[in-house]
Amino acid sequence: MKNDNLKEQYRINERIRVREVRLVGDNVEPGVYPISQALKIAEDLALDLVEISPNAAPPVCRVTDYQKFLYQQKKRQKEQKAKSVKVVVKEIRFGPQTDDHDYNFKLKHAKGFLEEGAKVKAYVFFKGRSILFKEQGEVLLLRFANDLEEYGKVEQLPVLEGKRMIIMLTPKKAGAPAAAPKPANAAGPAKPVVKKVITLKPKTESEANENEE
């Protein structure tokens, strides 16, 4: 089905209904050719004429193996799809009167989500008259963000939307590993030890007599 979609995107050979085309491809002289001559060049090389840029003036056509061309296009689409980053958002719901046990349980899950690379959308849901405790909900969400400081950073501060106060957290990128400490003997080249040599001069005869006196 996907190959059929690709085939519909490109006109080939006799399906190209224009007077002239700009020709590109291996083993061909690039330039503008009448469509009949371009078709003849492709036929002589036992290849196909594929219109790759129909909106250009004149349209650009490539002399190539059509099946190989489709395979390369399909492969390129897969690579682009693999490179596209999917943003996963996990939601965590609190009540304005959330107890410590429930809070810690949800905190543990949020740590796991952030470590997996997902964003966390935490919110306090105010039911009925509990909207009167919106300040309490804001304090809870800020505490939640502070407890997750090691795993994620705040993308959006608490904001009230209808009956929900929402905070958004995005995962932190893993830091580079710390460099291993150098051994003491590898800190640098050893400094040469300089020994001070003291040379004793022999006493003269006059100095010896003075000492005896």
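Predicted model: local features only at pLDDT ≥ 70, side-chain atom pairs only at ≥ 80, totals over all residues.

User: What makes up the protein chain, and in what order do the elements run?

Analyst: The chain has six helices and eight strands. Starting at the N terminus, their order is α-β-β-α-β-β-α-β-α-β-α-β-β-α.

User: How many of the residues count as buried?

Analyst: The chain has 213 residues, and 28% of them count as buried. The accessible surface is about 16,300 Å², with 52% of it belonging to carbon and sulfur atoms.

User: How do you know that the span of helix H3 agrees with its number of residues?

Analyst: H3 covers residues 66-83, which is 18 residues. The expected span is 1.5 Å times one less than the number of residues. That gives 26 Å, and the end C-alpha atoms are 26 Å apart, so the two values agree.

User: Why are the buried residues of H3 said to line one face?

Analyst: The buried residues in H3 are Tyr66, Phe69, Leu70 and Gln73. Viewed down the helix axis, the buried residues fall within an arc of 100 degrees, so they line one face. The face turned away from the buried side carries exposed residues, namely Gln67, Lys68, Tyr71, Lys78, Ala82 and Lys83.

User: What makes Asp65 a cap of H3?

Analyst: A side-chain oxygen of Asp65 lies 3.0 Å from the backbone nitrogen of Gln67, at the N-terminal end of H3.

User: Why is Thr98 called buried?

Analyst: Buried means under 20% relative accessible area. Thr98 has 19%, so Thr98 counts as buried. Thr98 is in the loop between strand E5 (89-94) and helix H4 (100-115). The side chain of Thr98 reaches the backbone oxygen of Gly95 at 2.6 Å. Leaving out residues up to four places away in sequence, Thr98 touches Tyr103 and Leu140.

User: Is Ala122 buried or exposed, and how do you know?

Analyst: The relative accessible area of Ala122 is 0%, so Ala122 is buried. Ala122 has its place in strand E6 (residues 119-125). Beyond four places away in sequence, Ala122 touches several residues, including Ile92, Phe94, Leu141 and Phe144. Ala122 and Lys90 are 32 residues apart along the chain, and their C-alpha atoms are separated by 8.2 Å.

Conventions:
Residues numbered from 1 in each chain as written. Heavy atoms only, no water. Helix = DSSP H or I, 4+ residues; strand = E, 2+ residues; numbered from the N terminus. Buried < 20%, exposed > 50% of the residue type's maximum accessible area, 1.4 Å probe, protein only. Polar contact = N/O pair within 3.5 Å; in protein donor to acceptor, adjacent residues only side chain to side chain. Contact = heavy atoms within 4.5 Å. Arc of directions from axis to C-beta. Areas by Shrake-Rupley, 256 points an atom, 1.4 Å probe, with all protein chains shown as cover.
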